[in-house]
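Please look at the sequence and the three-dimensional structure shown below before reading on.

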Amino acid sequence: IELLKEEKQNFRKIKHDYLNFLTVAQGLIEIDQKEKALTLLKDTTNELMNVSNIPLCSNETINTALFIKQNQAKQHGISINVKITESHSLKFSEYDIARVLFNLLDNAIEAVSELEVSRKSIDLNIEINESEIYIFSENFCADKKAKRSSERGNGMKIIKDIVKKYKGSFDFNIIENEE
């Protein structure tokens, strides 16, 4: 929770700076300094892309959770490709959404980190509409039938319990690669 709070504060700083840069760019355009404004906007965009390759949505908890997990994935050489579509604000507990994202991405990062390939990635699509949030994650995993200890499998149970709490649906599939 402390890490989440810290990263949330970092996102607030980035958002604050970004709004300041937009104001400066607007001022430069108003005084007919369009080239300087364009340079400033390009530099700002590049800086933001270096901080995080995830698209920002209006929900800071989602942004923070994804930022934390993206940094963790980078340590394993894994990229997380995120697509967020939102037509309404989130109407569910931010705590529950963070728990779902953390557990989902923990499992995906663990599975992908065991792969012996050069390009490792996780695709994550999130759609937030008026009545629901849809989260779809897809990644490759090693063909490994490991023995489960009592410490494993809790993440999936947590996700299932949260989904059940909101009377939603949960689906998990492993599709064997037939190449």
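**Briefing on the predicted model**

Ser169 counts as exposed, with a relative accessibility of 72%, where exposed means over 50% relative accessible area, buried means under 20%, and partly exposed lies in between, using a 1.4 Å probe and protein chains only. This is a predicted model, in which local features need pLDDT of at least 70 and side-chain atom pairs count only at pLDDT 80 or more, while totals for chains, interfaces and linings use all residues. Residues are numbered from 1 along each chain as its sequence is written, and side-chain values use heavy atoms, with hydrogens and water left out.

**The chain as a whole**

- The protein chain holds five helices and three strands, which are DSSP runs numbered from the N terminus, helices being H or I with at least four residues and strands being E with at least two.
- Along the sequence these elements follow the pattern α-α-α-β-α-β-β-α.
- Of the 179 residues in the protein chain, 30% are buried.
- Where contacts in the protein chain link residues at least 6 apart in sequence, 67% of them join residues at least 24 apart, a contact being heavy atoms within 4.5 Å.

**The sheet**

- The three strands form an open sheet in the order β1-β2-β3, with mixed pairing; two strands pair if DSSP finds at least two bridges between them.
- Because β1 and β3 (133-139) stand at the edges and each has a single partner strand, one side of each is left without a neighbour in the sheet.
- Neighbouring strands of this sheet are turned by 10° against each other on average, with direction ignored.
- Strand β1 (residues 78-86) runs parallel to strand β2 (residues 120-128) and is joined to β2 by nine bridges, and Ser79 has Ser121 in β2 as its bridge partner.
- Between β1 and β2 the chain passes through helix α4 (residues 94-113), and this β-α-β crossover is left-handed; a crossover is called right-handed if, with the strands pointing away from the viewer, the path from the first strand over the helix to the second runs clockwise.
- β2 and β3 pair in the antiparallel sense over seven bridges, and the bridge partner of Ile126 in β3 is Ile135.

**Helices on the sheet**

- Helix α3 (residues 60-75) packs on the sheet and touches β1, β2 and β3, its direction making about 165° with that of β1; axes are lines fitted to C-alpha atoms, for helices over the stretch in contact, and angles run from 0 to 180 degrees between N-to-C directions.
- α4 also lies across β1, β2 and β3, and runs at about 160° to β2.

**The nonpolar core**

- The largest nonpolar core has 27 residues, of which Ile62, Leu66, Ile122, Leu124, Ile126 and Ile133 touch the most other members; such a core is a set of buried Ala, Val, Leu, Ile, Met, Phe, Trp, Tyr and Cys residues joined through side-chain atoms within 4.5 Å.
- At least two residues of this core come from each of α3, β1, α4, β2 and α5 (154-165), and α4 gives the most, with seven residues.
- Leaving aside neighbours within four places in sequence, Ile126 is in contact with residues including Ile62, Leu66, Leu101 and Ile133.

**Cysteines and Ser169**

- Cys57 is buried at 9% relative accessible area, whereas Cys141 is partly exposed at 40%.
- The whole structure contains zero disulfides, a disulfide being a pair of cysteine sulfur atoms within 2.5 Å.
- Ser169 sits in the segment after α5, and its C-alpha atom is separated by 9.6 Å from that of Tyr134, 35 residues away along the chain.
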